[in-house]
Amino acid sequence: MAYVAVKGGERAIGNAHAWLDEARRGDPALPALSVRQIEEQMSLAVDRVMAEGACYDRPLAALAIKQARGDLIEAAFLLRAYRTTLPRFGASTPLDTGAMRVRRRVSATYKDLPGGQVLGPTFDYTHRLLDFALAADEDMPRPPMPEAQADSAVAPRVTGLLAQEGLMAAEPASDAEPGDLTREPLEIPADRPLRLQALARGDEGFLLGLGYSTQRGYGNAHPFVGELRMGEVAVEIAPPELGFAVEIGDIVVTECQMVNQFAGSRNEPPQFTRGYGLVFGQGERKAMAVALVDRALRARELGEEVGAPAQDEEFVLYHCDNVEATGFVEHLKLPHYVDFQSELEKLRAIRAAAATDARREAAE
Amino acid sequence: MSAAPEVASGGTLAGYNFAYLDEDTKRMIRRALLKAVAVPGHQVPFGSREMPLPYGWGTGGIQVTASVIGPDDTLKVIDQGADDTTNAVSIRRFFARVAGVATTERTADATVIQTRHRIPETPLREGQILVYQVPMPEPLFRLEPRVAETRRLHALGDYGLMHVKLYEDIARRGEVEISYNYPVMVNGRYLMSPSPIPAFDNPKMDRMPALQLFGAGREKRIYAVPPYTSVRSLDFEDHPFRPGRADASCALCGSRETYLDEVVTDDRGGRRFLCSDTDYCAERRADR
Amino acid sequence: MRAAALSPGLSDPATDAQGCFRALLDAMSRPGLVRRVPVAELRPPAPLSPAAAAVLLTLADAATPVWTDAGADAAAWLAFHTGCPPAASPGDAAFVLACGTPPPLDALMQGTDEEPHRSATVVAQVAALEAGRGGWRLSGPGIDAAHRLRVSGLPEGFAARWAANRAVFPRGVDLILCAGRDVAALPRTTAIVEEG
């Protein structure tokens, strides 16, 4: 009987999983995608999954994308669930993005600057015309790539240049251990390291929309891209028994420093303030959105009026995580018939009572 | 990268700790659980982990169960009162894999019962632990979405918002319009969400001999009601709390006391009612 | 401290800690009932009882500063097995392990009205615990009618200090009593009436 089928149980789950496997594989007459192919040719998807999965591991992110049939939020979730089981051996020293081996580096505030503008592998000036030559499965012969410029090794930060002139608000250095959202629940108000951690793990689409809203007047932002850079940085750890830092590898990150106006306060002259975004891999859109939202979330500490959604710390931080959001939105498809039944009975009772009242009034 | 985990000889999943969570995480959750028991109804924040099941599927309940359960336990998992709903099956299988514990569908045989949306009809006894999966631990969230503000209200014991809401319901409709997740006062001090159980189940929480633990994974909160603790559904003297159920009897066992699921049988208004608690219904039929 | 001289901790960390935790959870949920921790093998350094040692091995780690009056050997043993940092004073400790007279309860972390869970847990080692007869009559959450508990080895006037602790609810400390391999617990909600 139908009722039994609804409470499908073990066999239904097994069947669903078998079907899922088949759907993932697609047409078996076509060769299966290798994880290496995904890693190499879907590299921006891999970057996004590493960023939102909060785990820098390209092969695992590529595997997650394959397993998730290309659903990037599902892939980020797979990576997070794996990450949470890993032992923690230690923390790295802060990344020195100033020493980045730059693949791409642009500034919107200066025409030219030390280190130069490096366009790098960007869609920025492509014409968005479908390239039907790519529809052929065979590799096309590629024009040889010009050699990268050697002087890109030294690229001082634009915000540093402004700071020399005293025009950029100083960011006080701190050796305090930052909090960790993955170990301790979020407390409001959250300090900036915690906010930046939440944003770095946050959903690109959600942050993009929020960042966009600050440009349209919801939050009174006047942002300039001081600098956007992407490239390899060294990861170092300083084991206490050694007493000095050792390099354990390189990762690719994208960093955005937005320069924003600040009217000044009683204690501080007018100056520029920074919005900061850092994400794993090549993730410019997200790094820029994070930098916009970071600056918006600093409104309270800078004594600015707080009213726009992007300035609302609790709203932003509690809703930017797509693994949390997708879970709670999608859980609505789980059975709720017990609660729905209680609503049905309540509605019927209220309507019956109202009908009785109406009859009584009509009789009087 | 490690190879696919296999079931180890001890009956648990190779490559993972007993009950999936690492010992540091369990210890953190265990400390939170003891404080939750010590302050009945107070929501204790905890470092909820990302579980291999999605948020909303019971990650809070699973973390609580994983921190509590041991090799001597017998686990029952229900969703909507039933042992054979897909998510209950899935969670039961999860624990059978990662903890190798015995599972049962019989309420009386279980030492730990993880539930979503129901309290079993069979009265629970001393020594049993009921673990609720909780989506929104904050009873005031529809009236005040800001966590920082609700925390302040709990500190003050200021539950005027909820009293006003109930009062307005009564003024407008003649009764409280909450039919599930009906707010309760615990030990006369904390307003608490009973999780989205039907209001019908609320009276079972009051002075229950079993220990009640609540886990909200996404919201990262744990709370508890010790055995024999007062749990009162909010009401007014002239409008006492009245739990509802369908005015019908179970089509299978004939019960007129249990909570019923309504099953639509055709598109001409045909329907039948069945016990939502499948174990209770099966036991009644077996006894006949 | 010579690591080689340290006696072992829990023999099966996952299973033993789970068993001890369940005894503690049961004890905290049913105030005044005496439960036994399943650690027959545990031989902590003097003056620690197996129960007090098991409570700390089960609950303490690098996140929980511990203050104790049990002496250097016991402190070193606990630090080695749990990684718990020593607390500078009782008022900084998440766990206060008292083998002698416990520090004044109101000098310990009380939590706040918003965060009453951020309070100390006192692990008090006593001479003996006997449930069911004489001593204290306990009431409150977790207790059906009344539980009776006789505690040997707590200082005079403890019940009055406990009443003061209970009066600041939801703030206040929670108490775990240990003797041999037995534990009993008093959450801050439990009321004590002394009946001699």
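How many salt bridges does the count come to over all chains? In this predicted model, the count reaches 76 salt bridges when every chain is included. Side chains of opposite charge can pair when their charged atoms come close. One such pair lies within chain B, where B:K165 forms a salt bridge with B:D169 and the closest N and O atoms are 3.0 Å apart. Both B:K165 and B:D169 belong to helix α5 of chain B, which spans residues 160–173, and the two positions are four residues apart, about one turn of the helix.

Salt bridges also occur between chains, and the count between chain A and chain B is seven. Among them is the pair formed by the side chains of B:E50 and A:R201, with an N to O distance of 3.1 Å. Polar contacts between chain A and chain B comprise 22 residue pairs, counted with both residues at pLDDT 80 or more. On the side of chain A that touches chain B, the elements giving two or more residues are α2 (9–25), α5 (58–67), α6 (72–83), α11 (313–319), α12 (322–330) and α13 (337–363) of chain A. The largest share of this side of chain A comes from α13(A), which gives 12 residues. By class, the residues of the side of chain A that touches chain B divide into 18 nonpolar, 11 polar and 17 charged. The contact as a whole takes 46 residues from chain A and 64 residues from chain B, and the area buried between these two chains is about 4,800 Å², of which carbon and sulfur atoms give 56%.

Two packed helices are described by the angle between their axes and the distance between the axes. Within chain B, helix α1 (residues 23–38) and helix α2 (residues 59–68) pack at an angle of about 95 degrees, with their axes 9 Å apart. The angle makes α1(B) roughly perpendicular to α2(B). From α1(B), the residues B:K26, B:I29, B:R30 and B:L33 take part in this contact, and they meet B:Q63, B:V64, B:A66, B:S67 and B:V68 of α2(B). The contact of α1(B) with α2(B) has five nonpolar, two polar and two charged residues.

Helix α1(B) also packs against helix α2 of chain C (residues 50–59), at an angle of about 115 degrees and with the axes 8 Å apart. The helices α1(B) and α2(C) are therefore roughly perpendicular to each other. On the chain B side, this contact is made by B:R27, B:R30, B:R31 and B:L34 of α1(B), while α2(C) contributes C:L57, C:T58 and C:L59. The residues of the contact of α1(B) with α2(C) comprise three nonpolar, one polar and three charged.

Most residues other than glycine have a negative phi, and most peptide bonds are trans. In chain A, the peptide bond from A:I188 to A:P189 is cis, with omega near 0 degrees, and A:P189 is placed in the loop between α7 (158–164) and α8 (192–201) of that chain. In chain C, the peptide bond from C:A46 to C:P47 is likewise cis, with omega near 5 degrees, and C:P47 is found in the loop between β1 (35–36) and α2 of chain C. In chain B, B:Q80 has a positive phi of about 60 degrees although this residue is not a glycine, and B:Q80 lies in the loop between β2 (74–79) and α3 (86–98) of chain B.

Definitions and conventions. Residues numbered from 1 in each chain as written. Chains lettered and ligands numbered in written order. Predicted model: local features only at pLDDT ≥ 70, side-chain atom pairs only at ≥ 80, totals over all residues. Heavy atoms only, no water. Axes fitted to C-alpha atoms, helices over the stretch in contact; angles between N-to-C directions. Parallel < 35°, antiparallel > 145°, perpendicular 65-115°, else oblique. Contact = heavy atoms within 4.5 Å. Nonpolar A, V, L, I, M, F, W, Y, C, P; charged D, E, K, R; others polar. Buried area = accessible area lost by both parts, 1.4 Å probe. Salt bridge = Lys/Arg side-chain N within 4 Å of Asp/Glu carboxyl O. Polar contact = N/O pair within 3.5 Å; in protein donor to acceptor, adjacent residues only side chain to side chain.
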